[in-house]
Amino acid sequence: MIGLRKNGEVYDAFIRYNMSDNLYFSADLPKEDTFDNARVGVGYSVKFWGRLYAEPNYSVDLKSENDDSGKFNLGVSYKF
């Protein structure tokens with residue numbers, strides 16, 4: 001999946017590649033300094049009710065020089 005996400009007045013690109021039914025790779029590519037501010041990560045979809053899924057994921061900055069640039073997120077999705 002490739003899409004756009006609004007970030008203030010600009011739109012940033014994101015990519016999500018499903019490696020299996022539940023495991024995915026993601027990348028966030030901002031419009032300004034795209035590769036300097038890019039984030040990559042992995043996530044997992046866990047079905048919890050009907051077609052609703054909880055999606056924990058972990059991402060890191062590509063250009064970060066410190067070890068604490070990782071970010072854990074938890075999302076909710078609905079699969080058609």
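**Aromatic contacts and the main pocket**

Phe80 is out in the open, with a relative accessible area of 86% (exposed means over 50%, buried under 20% and partly exposed in between, with a 1.4 Å probe and protein chains only). The model is a predicted one, where local features need pLDDT of at least 70 and side-chain atom pairs count only at pLDDT 80 or more, while totals for chains, interfaces and linings use all residues. Residues are numbered from 1 along each chain as its sequence is written, and side-chain values use heavy atoms, without hydrogens and water.

Rings of Phe, Tyr and Trp (its six-membered ring) pair if their centres lie within 6.5 Å, with planes under 30 degrees apart called stacked, over 60 edge-to-face and the rest tilted. That rule turns up one aromatic pair. Tyr78 and Phe80 have ring centres 5.4 Å apart and planes at 80°, so they meet edge-to-face. Tyr78 itself is partly exposed, at 46% relative accessibility.

Two rings also carry a charge over them (NZ of Lys or CZ of Arg within 6 Å of the ring centre and within 35 degrees of the ring normal). The charged end of Arg16 sits 3.7 Å from the centre of the Tyr24 ring, and that of Lys79 lies over Tyr53, 4.3 Å from the ring centre.

As for pockets, these are open sets of points on a 1 Å grid over the protein atoms alone, where a 1.4 Å probe fits, with protein on both sides within 12 Å along at least five of seven lines; lining residues have an atom within 4 Å of a point. Of its 26 lining residues, Arg5, Phe14, Ser26, Asp28 and Asn57 come closest to the centre.
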